[in-house]
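Today I am looking up a few charged side chains and the strands around them.

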Amino acid sequence: MAGADVGSLRNTQVLSFVKRAAALRVKYRTQTVTGNDRRCLEPSLVAAHPMNRNGVRVNGQRCEELFNQVFGKFDYEEACHGAVCIEIAPGEVEVVHWHEAASPDDRLAALPVAYLAYSSLGATHINQVLRNILGKAAVLECLAATDASGRLSLQLVEAHDAALAAARRTGLRWEVCLQLFRRKSPTESCASRQH
């Protein structure tokens, strides 16, 4: 019986944590001039937040698999589902330094750290896939989208998947939260995306 009580208490605590995280996300959400709470952001402006996925970096193999999964049948609305990011405050270097320390991977296009304005809590890999198209990342087993050197070709992607090529230009539609959101509770800010 005691085990059931502990499990019930744990579930109640998790539910309370998730509710608080969701409330913080709503409280710190930004809106555009027109009142919309989502905006399109160019893929080069957004990179993974170091606390996203418990500090696990974007994975080149996962991006390659994801590209192969969506190529030819890209669904923009599905790709934007869960796209949540936080503004990077002027002078905040934590995200930039974390990305600069990453090991190079041919399957990941270079990240223009000088242009980063947002750190993502969700949709990180699909955003990297969009960045990979322009950055000509390596992708195996997708001859329809790669050049002779096995790198992504924007022209070939456009020829076979116009929606994916268009998303590469416009970027995903993100829910943007103020940088104060992360400072309020970094763990909860990540949890609000993941639940």
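**Entry 1: starting at D105.** I began with D105, which is partly exposed at a relative accessible area of 24%. My scale for this: buried is under 20% relative accessible area, exposed is over 50%, and partly exposed lies in between, with a 1.4 Å probe and protein chains only. Before going on, I noted that this is a predicted model, where local features need pLDDT of at least 70 and side-chain atom pairs count only at pLDDT 80 or more, while totals for chains, interfaces and linings use all residues. Residues are numbered from 1 along each chain as its sequence is written, and side-chain values use heavy atoms, with hydrogens and water left out.

**Entry 2: the partners of R107.** I found that D105 forms a salt bridge with R107, at 3.2 Å from N to O. By salt bridge I mean a side-chain nitrogen of Lys or Arg within 4 Å of a carboxyl oxygen of Asp or Glu. R107 itself is partly exposed, with 27% relative accessible area. I then looked up E64, whose side chain also meets R107 in a salt bridge, at 4.0 Å from N to O. E64 sits in helix α2 (residues 60–70) and R107 in the loop between α4 (94–100) and β4, so this pair ties together parts 43 residues apart in sequence. For the element names, I rely on DSSP runs numbered from the N terminus: helices are H or I with at least four residues, strands are E with at least two. E64 counts as buried, at 10% relative accessibility. I wrote the trio down as a salt-bridge network of E64, D105 and R107.

Entry 3: How many salt bridges does the structure hold? I noted six. Another one of interest to me joins R38 and E175, with the closest N and O atoms 3.7 Å apart. R38 belongs to strand β1 (residues 38–41) and E175 to strand β5, so the pair ties together parts 137 residues apart in sequence. Are the two residues buried or exposed? R38 counts as partly exposed at 25% relative accessibility, and E175 as buried at 2%.

**Entry 4: the strands around E175.** I followed E175 across to V84, which stands opposite E175 in β5. Strand β3 (residues 84–87) pairs with β5 (residues 172–177) in the parallel sense, over three bridges. I count strands as paired if DSSP finds at least two bridges between them. Strand β3 is also joined to β4 (residues 118–120) by three bridges, and these two run antiparallel. There I86 has S119 in β4 as its bridge partner.
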